[in-house]
Amino acid sequence: MSTLELRGVTKRYKKETVVDNVSITVANGETLVLFGPSGAGKTVLLRLIAGVVEPEEGQILIDNQNMTDVEAEHRGLGMAFQNFALFPHMSAFDNIASPLTVGKRSLEEIKTGVDKVAKLLKIDHVLDHAPRELSNGQKQRTSLARALAGSPPLLLLDDPLRNVDAKLRFEMRLELPLLLDAQGATVIYVTQDYKEAMALGQSIAVLAEGRIEQIGTPEQIYLTPKTLEIARLFGDPVINFYDVVGQRDETGVFVELSQQRLLLDESKAKCVDTPSVLGIRPESIKFVPQNSSNSIPITIEAETPLNEKIVTLAKTEGGREMLISRPSGTAGPATGKAFVKIDESALLLFDQVSGKNFVDPAQLNTEREFAA
Amino acid sequence: MEHQSKLETVLRGAALLLVVVFFMFPIFWIFLMSLQTNETILRVPPSINFEPTLRNYKALITGKLETSAASLEINFLQNLWNSVFLSVASVSLALLLGVPAAYAFARHKFKGSEDIAFTLLSFRFAPPLLVLLPLSLYFQKMGLANTYLGLIWVYQLICLPLILWIVRGYFEDISPDIEYAYRVAGHSWFSTFRKIALPLAGPGIAAAGLLAFIFAWNNFIFALVLASADKQPVTVGALAFITASGIQYGQIAAAIVMSIAPTLALALYAQKYLVEGLSLGAVKG
């Protein structure tokens, strides 16, 4: 186990800044997910930590020791690459053994070490194969095994599930947390899949254009995304956005959607008379019987049944699109006109110009039910 | 390809034969010449009807050239040895210097690295005669004229850029992630170079080495100017057959056959690498 701390780490290529003043602290044994769209600088950040790329500014501390100028081979960490990066001219065994051949280990020790981790990852039957003879899933497991073989206290995983098929990705998403727990290592995990981020991370750092936009627990990020962009990235189906302007009268702060008032609590008061974006999660919209109070009439365009939920695409009377999600097995109209009601407590409001949430997640300490 | 008709097969075969004959005929003719005397070679019209003789090869190996006018001493075997030694030594030195340099150019974009790499390449397209005059003057002053060391040094103009540029492409083709993975696993950069980069660029290094060898072997002008008889390779040595009593076509042909034999053997042996290596390098943008 190790702690990791980044202090103002900046990396530029030519004039482009790919990692911009990033500071993170990861506690012993914690799993931090670096999440962001491609090109956000996640992989470069991981390489900076690994020591194969040098930062222009800032410090990288592992166990409170400054490692900024320490060569990659002396940082004592394990890393798995998105493209596996197996050594094509070595067998799977030699690939996995590569962290063990450093120093003075006997052949016997190396063999025991490789066998142990190979068994754990269920690839002990293909150890004598060359990487090109392995299936994609086996390659991925070999690359993970190689990262784990040296029992590194700090493990860097660069989107290891990106290049494997959906079935395997699902399996590994269940298996990985157990595996990482068993290792007891501190883990930095890079992904662009928000489900993976939510499933694996004890905390998530959202990166955009080289900067950390928000760090928090999966719940915090989902319920109080700092920006419109983060709200859009987290959630499937994607969140509904509507341009609104906040208003205030004697009943309080509200916005209007299809002539219906949606009441807001005082924390969102900044939206009054400001061009804002209203964010409504598809799962906080419920179908209601006709003419119930405060309901919004819609016209259903299409319905997509997914495994665990049914997603409906509808249009409001004003012609704005609306995605509605409900659990499978619950009743709801499939076509025609219908009415919906919106859960006002789960509304998100962003400044239209800056894209920032009117509620600063850092100041919010109310614990809300995790609604995913 | 499996649906090929018989006619197609025949036509394809004929076309291939035509190409082979076109390219191989000069070599085939030289081989025939090497087995004839000057008299039969110079017949008009030429004919392939002759009594084969090995006296040309015998003359080369014994070093005694009997002409109608006089008997001449030639030192063809020494020339052959010079060729082998100069080529092997030059290529070895060029590999020793060029492969690490290629790795540096491929992996580390330092200031001016492109300029240095391009300058090295420009040695290949500068006309050799341009550098020869000043070079021969310098070499005389420095005592390098007519030495193996001087020749091997000059041969770097041929070998080094070739090896550097071909091998560099190979190193660039290796995903840096593979090397990073080895570094992170706890290995030094040098051991990464040795255990990962070198084996993976192996076919390219072999191809570049072979090409450099062929170019060094075929070089004429540097050796002609900078070396005297006892250091000259076969390419220059063949001039000795232009004697006062006439041109010894038979011996020239035999000398050519003997001098292309080693490179041919090497090329055949390394053909797999050569084709693989060069085409891989070519596909790379």
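Predicted model: local features only at pLDDT ≥ 70, side-chain atom pairs only at ≥ 80, totals over all residues.
A:Glu71 and B:Arg183 form a salt bridge, with their closest N and O atoms 2.6 Å apart.

Which elements of chain A give two or more residues to the side that touches chain B? They are helix H1 (42–50) and strand S6 (77–80) of chain A. Strand S6 of chain A gives the most, with 3 residues. Sorted by class, this side of chain A has 13 nonpolar, 5 polar and 4 charged residues.

Let me turn to the extent of the contact. On one side 22 residues of chain A take part, and on the other 17 residues of chain B. The area buried between the two chains is about 1,600 Å², and carbon and sulfur atoms give 66% of it. In chain A, the residues that lose the most area to chain B are A:Glu73, A:Phe87 and A:His89, which together account for 31% of what that side buries.

The contact between them takes 18 residues from domain 1 of chain B and 18 residues from domain 2 of chain B.

How much area is buried between domain 1 and domain 2 of chain B? The value is about 1,500 Å², of which 76% comes from carbon and sulfur atoms. In domain 1, B:Asn38, B:Leu60 and B:Leu65 lose the most area to domain 2, together 36% of what that side buries.

As for specific pairings, 0 salt bridges are found across this domain interface. Polar contacts number 2 residue pairs, again with both residues at pLDDT 80 or more. Three helices of chain B, namely H1 (6–34), H2 (38–41) and H3 (55–62), each supply at least two residues of the side of domain 1 that touches domain 2. By class, that side of domain 1 holds 13 nonpolar residues, 5 polar residues and no charged ones.

Note on methods
Residues numbered from 1 in each chain as written. Chains lettered and ligands numbered in written order. Heavy atoms only, no water. Contact = heavy atoms within 4.5 Å. Buried area = accessible area lost by both parts, 1.4 Å probe. Salt bridge = Lys/Arg side-chain N within 4 Å of Asp/Glu carboxyl O. Polar contact = N/O pair within 3.5 Å; in protein donor to acceptor, adjacent residues only side chain to side chain. Helix = DSSP H or I, 4+ residues; strand = E, 2+ residues; numbered from the N terminus. Nonpolar A, V, L, I, M, F, W, Y, C, P; charged D, E, K, R; others polar.
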